[in-house]
Amino acid sequence: MRSTGTRAAWTPKVFLAASLILCTGCHHVRVVNMVPRTRSGETCQDSEPSITVNPENHEQIAASAFTWDNLCNAPGSPGVPANWWQLGMTGSSAPIYVSLDGGKKWHLRKSVPSTAGATTPTGDITLFFSRTRAGSTNVLYTGILHAPDYSMNVLRTQDFRLSTPMTLLDTRTNNVDQPHTQATTVPQGPDAGKDRLYVGFNNGFSGVNPQSATVDVALDADSATPAFNLTQLETRSTGAAGQDGFANVPAVSRDGTVYIVYYGWRGFSGGGVSTDVVVARDDNWGSGATPFTALVDSDAHPGIRVVQGVVLPFGYVRPGTAGRQQPQYRRGSRE
Amino acid sequence: MTPFRLLILLLFTALSACTSNGAAAGAPQEATSKTEELVRQSSLVFTGTVKKLNATTVPMVSASQSTAIVRVEEIVHNAGVVTDIAGKEITVELLAPGSVKPGERAMFYTNVDTYGESLAVTEVSHEAIPSGGAAAMRTRVAEIVERVADEKLQKRVAQAELIVAGRVTAARPYGGSAQHAPGSEHDPEWWEANVKVESVEKGQAPPAEVVVIFPHSNDVRWFGSPKFKEGQEGIFLLHRTKDEQLRVSGFTALDSLDYQPMDQREHVRKLTQKPR
């Protein structure tokens with residue numbers, strides 16, 4: 001199972017170093033610089049990486065970050081301060097990283113819908129291969145925050161190796177954040193061959209929706225026009241926090257069991273957010289009338305609280321210490 | 001020849017001269033116009049020599065009748081998409097198969113398609129290298145790029161409700177001392193700057209000082225927005241913003257163009273007077 005939970009822990013600088021660690025039988029570790037030679041001068045904020053391996057062909061790997069279609073610096077002068085045109089997207093498609101040799105070499109192909117001139121190529125982006133074959137590769141699903149409007153787009157491509165814009169499948173708006181994408185293919189039974197797609201995300205932060213832990217589900221994602229259904233995972237009060245945390249991460253088994261872990265926020269004071277770590281489960285692909293309610297906790301709410309009341313520092317903390325000329329800030333927990 | 005016929009002849013001659021002068025002046029203008037159109041569509045313009053057809057330097061891009069390996073000679077225009085590729089062989093994905101021949105030298109208008117060990121670019125157009133070579137062309141392209149930049153700034157100037165020249169006298173978190181309730185990791189972390197007004201270039205400013213709200217966050221969504229510091233001087237292009245979701249109300253400067261250095265005052269002033 002892929003762990004998307006680590007994505008936010010990486011810093012931009014780590015990704016600028018762009019290292020991918022491959023463990024082959026754990027006999028040795030290979031460190032690969034994913035940034036191809038022809039982009040070695042890039043100075044972009046190439047942050048929050050995500051990676052997925054084709055389950056049918058481990059040589060094929062796709063990876064993503066906030067990657068511009070230019071180098072974010074002056075021609076021939078790496079490292080100089082960016083100016084207006086260098087911050088903007090040059091074209092209307094942002095790249096993903098593509099490897100066809102198990103991660104030894106990488107290319108950038110432009111397939112993520114963006115906007116020419118946008119100051120970011122994309123917001124949060126995660127991607128995942130299903131097991132559905134498409135020619136000599138497999139179908140790839142991607143969840144993004146589209147630049148510059150930051151709506152959530154769910155995308156699909158039949159061939160991640162091409163510089164062709166991915167197909168838009170679903171859009172969600174109004175303070176949405178952190179799409180975490182997972183997919184698989186039903187192996188047997190009446191739905192055999194159908195792609196199941198799960199995009200956990202924060203649906204309505206900053207007061208839009210006080211119970212914002214949500215998953216967007218398509219039970220036949222590789223169909224021409226797949227239907228998506230939203231399931232609000234949170235049923236408990238989020239108190240003064242007024243919303244849930246951001247990481248809503250699904251994990252799907254091919255037997256139809258789907259887990260989602262999320263941060264249920266319970267209150268806010270002193271710059272910290274009182275948080276439960278909640279695990280929800282569905283035993284039939286999230287397809288029933290009351291999906292993700294298979295686990296019920298002692299308070300009769302769906303979702304087991306595996307951790308309760310932990311305080312996470314979040315947001316903008318400004319100690320009221322008199323006499324300080326500059327306020328101090330604690331960068332919010334990125335969970 | 002009668003005087004009348006002489007008059008007609010003189011008029012005809014004068015008219016012909018005017019027409020032919022006009023045509024002579026129009027040719028370069030047309031060429032510039034075409035060049036401008038191509039430059040606007042291209043992020044990488046270079047001169048190069050076709051080395052091989054039906055070939056590729058990038059494994060991800062299959063060799064076909066539409067691909068050619070081209071040795072880059074000189075860069076004419078680079079919108080920040082490559083570092084030094086002069087002298088390197090790259091793959092050009094041609095607009096039309098068979099449109100170039102091995103050994104042919106040309107000016108290629110392109111966009112980058114694939115980054116890898118080598119580079120693949122998609123052709124927008126190609127043409128014979130003009131007299132004066134890449135150097136002369138670079139001057140023309142620089143003018144076009146400057147014009148495009150001006151258009152972007154002009155648009156932002158037109159959108160601004162208030163434009164002032166001034167100096168930041170203080171910068172601090174917006175919204176007093178209260179802590180924010182939780183929001184998003186993309187929270188702008190609003191700050192406000194007091195700007196002492198030196199001159200008003202557009203709109204009506206408060207008598208002495210204007211408050212500018214700006215995102216202090218370096219999150220990917222906001223890191224391109226201007227960040228103001230005490231003592232900073234410049235031109236501020238201000239936009240009245242009221243956004244409940246972003247929890248902001250007042251004059252903001254969100255675009256990287258919304259701050260210009262003080263030495264651009266005359267230029268901004270001219271743009272405020274330009275017809276939209």
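1. Over all chains, the count of aromatic pairs comes to ten. The model under discussion is predicted. A pair of aromatic rings is described by the distance of the centres and the angle of the planes. One of the pairs joins B:Trp191 and B:Phe214: the ring centres are 6.5 Å apart and the planes stand at 55°, so the pair is tilted.

2. Which residues form one aromatic cluster with B:Trp191? The cluster is made of B:Trp191, B:Phe214, B:Phe228, B:Phe236 and B:Tyr259.

3. Chain B also contains helix H2, which runs over residues 133-159 and has 27 residues. From its first C-alpha to its last, helix H2 reaches 40 Å, close to the 39 Å expected at 1.5 Å a residue. Buried residues in H2(B) are B:Gly133, B:Ala134, B:Met137, B:Val141, B:Ile144, B:Ala149, B:Leu153, B:Gln154, B:Arg156 and B:Val157.

4. B:Ala142 lies in this helix, H2 of chain B. With a relative accessible area of 43%, B:Ala142 is partly exposed, because that value lies between the 20% limit for buried and the 50% limit for exposed residues. In sequence, B:Ala142 and B:Val76 are 66 residues apart; in space, they are 9.0 Å apart, C-alpha to C-alpha.

5. Chain A has two helices and 18 strands. Buried residues account for 57% of its 335 residues. Among the contacts in chain A between residues at least 6 apart in sequence, 57% join residues at least 24 apart.

6. The largest nonpolar core has 40 residues, and A:Ile96, A:Leu140 and A:Leu197 touch the most other members. At least two residues of this core come from each of the following strands of chain A: S5 (93-99), S7 (125-134), S8 (137-146), S9 (151-157), S11 (176-185) and S12 (195-203). Apart from this core lies another core, of 28 residues, among them A:Leu108, B:Val72, B:Ile90 and B:Val112.

7. Which residues does A:Leu140 touch, not counting residues up to four places away in sequence? They include A:Thr52, A:Ala62, A:Ile96, A:Leu127, A:Phe128, A:Phe129, A:Leu155, A:Arg156, A:Thr157, A:Phe160 and A:Met166.

8. S8(A) is mostly covered, with ten of its ten residues buried. S7(A) and S8(A) pair in the antiparallel sense over seven bridges, and A:Ala134 has A:Thr137 as its bridge partner in S8(A). S7(A) and S8(A) form a hairpin with two residues between them, and A:Gly135 in the turn has a positive phi of about 65°.

9. S8(A) and S9(A) likewise pair in the antiparallel sense over seven bridges. The bridge partner of A:Gly143 in S9(A) is A:Val154. The hairpin of S8(A) and S9(A) has four residues between the strands, and A:Tyr150 in the turn has a positive phi of about 60°.

10. Chain A also holds an open sheet of four strands in the order S15-S16-S17-S18, with antiparallel pairing. Strand S15 (248-252) and strand S18 (304-313) of chain A stand at the edges; each has a single partner strand, so one side of each is left without a neighbour in the sheet. Neighbouring strands of this sheet are turned by 20° against each other on average, direction ignored.

11. Within that sheet, strand S16 (residues 258-269) and strand S17 (residues 272-282) of chain A pair in the antiparallel sense over eleven bridges. A:Ser269 has A:Gly272 as its bridge partner in S17(A).

Terms used: Residues are numbered from 1 along each chain as its sequence is written. Chains are lettered from A and ligands numbered from 1 in the order in which they are written. This is a predicted model: local features need pLDDT of at least 70, side-chain atom pairs count only at pLDDT 80 or more; totals for chains, interfaces and linings use all residues. Side-chain values use heavy atoms; hydrogens and water are left out. A nonpolar core is a set of buried Ala, Val, Leu, Ile, Met, Phe, Trp, Tyr and Cys residues joined through side-chain atoms within 4.5 Å. Buried means under 20% relative accessible area, exposed over 50%, partly exposed in between (1.4 Å probe, protein chains only). Contact means heavy atoms within 4.5 Å. The expected span of a helix is 1.5 Å times one less than its number of residues. Two strands pair if DSSP finds at least two bridges between them. Axes are lines fitted to C-alpha atoms, for helices over the stretch in contact, and angles run from 0 to 180 degrees between N-to-C directions. Rings of Phe, Tyr and Trp (its six-membered ring) pair if their centres lie within 6.5 Å; planes under 30 degrees apart count as stacked, over 60 as edge-to-face and the rest as tilted.
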